[in-house]
Amino acid sequence: MAFLSYLKRYPLTLLCAAGIWYLCLMRPPSVKLDFTNVPGFDKVVHVGMYAAMCGLLWFEYLRLHTRLRPLRLLLGAVCLPALMSGIIEVAQDRLTTTRSADVFDFVANVLGILLAAGAGVLYHRYRQQR
């Protein structure tokens, strides 16, 4: 029953999380694109995916709440996405034959999470001053 309430309150975030799970566990396309050979491009994608997902989370949270609940946000908007990222890295290594775990992917994911958290806090402060 709790999942349904989260689905109603955070549909974009949950849809984005499902998309991340799919993208991270699917067989990578065999077509090589020119920009994928750029060193570090993969890490930029990881930062972007998690910044987008957590940015949506903050957007939906701030749409529903007028004040921040720091412990709830630390757990729900930082720790849970980081845990999801770690689980995905292990799943890539253990459940697929075409993917592998990479600690630097995890670090990039956490960086995206922290960027979104910083932006969310700054936006909340801006909104409070208006």
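**Close-up views of the predicted model**

**View 1. Leucine 7 belongs to helix 1, which covers residues 2-9.** Helices here are DSSP runs of H or I with at least four residues, strands are runs of E with at least two, and both are numbered from the N terminus. The structure is a predicted model, in which local features need pLDDT of at least 70 and side-chain atom pairs count only at pLDDT 80 or more, whereas totals for chains, interfaces and linings use all residues. Residues are numbered from 1 along each chain as its sequence is written, and side-chain values use heavy atoms, with hydrogens and water left out. Leucine 7 counts as partly exposed because its relative accessibility is 37% (buried is under 20% relative accessible area, exposed is over 50%, and partly exposed is in between, with a 1.4 Å probe and protein chains only). Together with Phe3 and Leu4, Leu7 forms a nonpolar surface patch with about 300 Å² of accessible area. Such areas come from the Shrake-Rupley method with a 1.4 Å probe, and for residues only the protein chains shown count as cover. Patch residues have over 30% relative accessible area and no salt bridge; nonpolar side chains (Val, Leu, Ile, Met, Phe, Trp, Tyr) are joined within 5 Å, like charges within 9 Å.

**View 2. The second largest pocket holds about 530 Å³ of space.** Its lining comprises 19 residues, and Tyr6, Tyr10, Leu57, Gly76 and Leu80 lie nearest the centre of the pocket. Helix 1, helix 2 (11-25), helix 3 (41-64) and helix 4 (70-95) are the elements that each give two or more residues to this lining. Helix 4 contributes the most, namely seven residues. By class, the lining has 14 nonpolar, three polar and two charged residues (Ala, Val, Leu, Ile, Met, Phe, Trp, Tyr, Cys and Pro count as nonpolar, Asp, Glu, Lys and Arg as charged, and the others, Gly among them, as polar). A pocket is an open set of points on a 1 Å grid over the protein atoms alone, with protein on both sides within 12 Å along at least five of seven lines; a cavity is a set where a 1.4 Å probe fits but cannot get out, and lining residues have an atom within 4 Å of a point. Points are joined across faces, edges and corners, and the volume is the space filled by probe spheres set on them.

**View 3. Lysine 43 and aspartate 42 meet through their side chains in a salt bridge of 2.9 Å, N to O.** A salt bridge is a side-chain nitrogen of Lys or Arg within 4 Å of a carboxyl oxygen of Asp or Glu. Lysine 43 is partly exposed because its relative accessibility is 25%, and aspartate 42 is partly exposed at 38%.

**View 4. Aspartate 105 forms a salt bridge with lysine 43, the closest N and O atoms being 2.7 Å apart.** This pair links helix 5 to helix 3, across 62 residues of the chain. Aspartate 105 is buried, since its relative accessible area is 6%. Shared partners join Asp42, Lys43, Asp102 and Asp105 into one network of salt bridges.

**View 5. Aspartate 102 also forms a salt bridge with lysine 43, at 2.9 Å between the closest N and O atoms.** Here the loop between helix 4 and helix 5 (103-129) is linked to helix 3, with the two residues 59 residues apart.
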